Amino acid sequence: FPIRRSSDLFDLKLDESAQTLAHEARLVQVFVNLMTNATQAMNDGGRLVISVEKAAGGGVDFVLADNGPGIAPGNLGQVFEPLFTTKGAGGNGLGLTVCKTIVESYGGTIAIESKVNVGTTVRIHFS
C-alpha cells in the first residue's frame with residue numbers, strides 16, 4: 001500500500017536505508033495494531049509520529065509516539081499481559097500481547113513509555 005509521509009493525523013519519518021529481516025505481513029499486523037491503539041486513544045484529535053531509522057549500535061528502531069491521553073501508571077506494567085484491556089467491551093486485550101510475541105519472534109524488543117496527559121511512545125528495536 002502507498003505510504004503517505006504526512007496527514008492530518010500522523011507524520012512518517014523514514015530512513016529508507018534502515019532494514020530488518022522479518023515477514024512483512026506480521027510486521028504490518030504489529031504496526032496496524034499500534035496505530036489503531038494510538039488513533040483510538042486520540043479520539044479527540046492529536047498527532048502520531050512514526051519514525052524508522054538505523055539504530056546507533058546497528059539494527060533498526062521503529063518509534064511510534066502520540067500525544068494522546070497516555071496510559072495510567074498502574075496500567076503500564078500490564079499492557080502486554082493477555083486479556084488486559086482498558087477499552088471495556090471495545091477491546092479483547094490481545095493486541096499488544098500479539099505485537100510483543102511477533103516482535104520477539106524476530107529477536108526484537110518492544111517497550112512502552114507513557115505519561116498521563118502527555119502521550120505514549122512505543123519503541124521497537126531489531127538488531
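Helices (H or I, at least four residues) and strands (E, at least two) are taken as DSSP runs and numbered from the N terminus. On this basis the chain of the predicted model contains three helices and five strands. Along the sequence these elements are arranged in the pattern β-α-β-β-α-α-β-β. Of the 127 residues in the chain, 31% are buried. When contacts between residues at least 6 apart in sequence are considered, 60% of them join residues at least 24 apart.

The largest nonpolar core comprises 23 residues, among which Val-30, Leu-34, Phe-62 and Ile-124 touch the most other members. At least two residues of this core are supplied by each of helix 1, strand 2, strand 3 (60-66), helix 3, strand 4 (109-115) and strand 5 (119-126). The greatest contribution, five residues, is that of helix 1. For Leu-34, once residues up to four places away in sequence are set aside, the contacts are with Leu-64, Leu-96, Cys-99, Val-122 and Ile-124.

The packing of helix 1 against helix 3 was examined next. Two packed helices are described by the angle between their axes and the distance between the axes. Helix 1 (residues 24-41) and helix 3 (residues 95-105) pack at an angle of about 145°, and their axes lie 9 Å apart. The crossing of these two helices is left-handed. On the side of helix 1, the contact is formed by Arg-26, Gln-29, Val-30, Asn-33, Leu-34 and Asn-37, while helix 3 contributes Gly-95, Leu-96, Val-98, Cys-99, Ile-102, Val-103 and Ser-105. By residue class, the contact of helix 1 with helix 3 consists of seven nonpolar, five polar and one charged residue.

Ser-51 is located in strand 2 (residues 48-54). Its relative accessible area is 13%, and Ser-51 is therefore classed as buried, the cut-off being under 20%. Apart from neighbours within four places in sequence, Ser-51 is in contact with Lys-13, Asp-61, Phe-62 and Val-63.

Methods: Residues numbered from 1 in each chain as written. Predicted model: local features only at pLDDT ≥ 70, side-chain atom pairs only at ≥ 80, totals over all residues. Heavy atoms only, no water. Axes fitted to C-alpha atoms, helices over the stretch in contact; angles between N-to-C directions. Left-handed = near helix turned anticlockwise from the far one by under 90°. Contact = heavy atoms within 4.5 Å. Nonpolar A, V, L, I, M, F, W, Y, C, P; charged D, E, K, R; others polar. Buried < 20%, exposed > 50% of the residue type's maximum accessible area, 1.4 Å probe, protein only. Core = buried A, V, L, I, M, F, W, Y, C linked by side-chain atoms within 4.5 Å.
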